[in-house]
Amino acid sequence: MTRKAKIIGIGSYLPQEIISNDDLSKTLDTSDEWIVSRSGIKRRHKAAEGEATSDLAVSAAKAALADAGVSANDIDMIIVSTTTPDLTFPATAALVQQKLGISHGAAFDVQAVCSGFIYGLSVASAMIESGQARRALLIGAETMTRLLDWSDRATAVLFGDGGGAVVLEETELAAADEPHIVGSYLRSDGNLKDLLYVDGGPSTTGTTGKLRMQGREVYRHAVGNIAEAINSLLAQHDLTVADIDWFVPHQANKRIIDGVAKRIGLPSEKTVVTIQDHANTSAASIPLALHELVKSGRVSSGDLIMLEAMGGGLTWGANLIRWA
Ligand code: ACO
């Protein structure tokens, strides 16, 4: 028997306000046709004034706790993956802990931008496997619209706000096909930081800053890096692409998703695409897409799910899940 982590609940939350491509074309020199054909995005959600990342996180967390049938009191570790924290400190996870009304256990943030959920799932499952946590709440939540330069059509059309969460629990694994987090593969290359970054921070400008991106260059690195992560992770576990039942990619760009699926030889009917409804929500996009898959009723116990992402840093990586 080996101690592993398994997912026992999932939830998500999207803010009420929806901004369509046509809405954006009223203030920007863009069009629905350009945005859909370049990215697959049709609409995005925007957090209300006064609605912070921790609020999106708590809504997603409460849904995940209800789905798992456990209460916040049963959680001993909260990890929030975010690049849009409420405050410079404390961690958004600490604010979530307070809003969930608990004071035990540990709470901290993981910052890996769009790869945040991939990194967070790796950390959460390692914490459980090493006995430092028994039941963890992992949340990806973002208010990306607050980082946007709304006069820059090349970035303003691509991002949105949202949150997604999973509850993880320790399990004693008797057989490889039982539900568990199979493994993770994490990479970064800080030499590529200028391709996608925010031009502010507490120790430099003293401001929050705005998102800056060399879109074509990011695109150029995405397919190769992500395919490398997926193939490396599969090889580590003596699995092949044919073993993947569901592919739940970070929802950054439909063309990147299709490019990765084609590169690794995965059929489109196994690929989950939700980008049309919420644009790129950074660390929230994978749990949002995973929740859509689960809600659709298409995923069965024992199914093998591949998650992947690439984002600012650059960071990239993948997780493999044997579903509950
Ligand atoms: N509407 C209309 N025209 C636009 C817009 C817009 N919103 N944005 C840019 N353009 C114009 C440009 O000005 C340019 O015009 P020009 O030829 O007259 O100079 C033209 O469209 C082409 O611009 P490119 O940037 O070369 O367009 P490209 O085909 O590369 O598509 C895009 C841009 C969608 C950003 C693409 O490069 C991309 O998806 N890159 C990946 C970026 C990404 O997904 N980042 C998310 C975070 S990282 C991650 O998670 C992977």
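**Briefing: a ligand and its surroundings in a predicted model**

A polar side-chain atom of Trp34 lies 3.3 Å from a nitrogen atom of the ligand, and such a polar contact is a pair of N or O atoms within 3.5 Å. The structure is a predicted model, in which local features need pLDDT of at least 70 and side-chain atom pairs count only at pLDDT 80 or more, while totals for chains, interfaces and linings use all residues. Residues are numbered from 1 along each chain as its sequence is written, and side-chain values use heavy atoms, with hydrogens and water left out.

**Contacts of the ligand**

- A polar backbone atom of Gly215 is found 2.9 Å from a nitrogen atom of the ligand, and a polar backbone atom of Met310 is 2.8 Å from an oxygen atom of the ligand.
- On its own the ligand has 1000 Å² of accessible area, of which the protein covers 75%; accessible areas come from the Shrake-Rupley method with a 1.4 Å probe.

**The shell around the ligand**

- There are 23 residues around the ligand, and those that come nearest are Thr30, Arg38, Gly215, Asn253 and Met310; a residue counts as near if one of its heavy atoms lies within 4 Å of the molecule.
- By class, this shell has 13 nonpolar, 5 polar and 5 charged residues, where Asp, Glu, Lys and Arg count as charged, Ala, Val, Leu, Ile, Met, Phe, Trp, Tyr, Cys and Pro as nonpolar, and the others, Gly among them, as polar.
- At least two shell residues come from each of helix 2 (32-39), helix 6 (153-156), helix 7 (215-236) and helix 8 (254-264), and helix 7 gives the most, with 4 residues; helices (H or I, at least four residues) and strands (E, at least two) are DSSP runs, numbered from the N terminus.
- Because domain 1 (2-173) and domain 2 (180-322) both give residues to the shell, the ligand lies between them; the domain bounds come from an automatic or database domain assignment.

- Most residues other than glycine have a negative phi, and most peptide bonds are trans.
- The peptide bond from Phe89 to Pro90 is cis, with omega near 0°, and Pro90 has its place in the loop between strand 4 (77-81) and helix 4 (92-99).
- Another cis peptide bond runs from Gly313 to Leu314, with omega near -10°, and Leu314 lies in the loop between strand 12 (304-311) and strand 13 (315-322).
- Val113, although not a glycine, has a positive phi of about 50°, and Val113 is in the loop between strand 5 (106-110) and helix 5 (116-129).

Key. A polar contact is a pair of N or O atoms within 3.5 Å; within protein, one must be able to donate a hydrogen and the other to accept it, and residues adjacent in sequence count only if both atoms are side-chain atoms.
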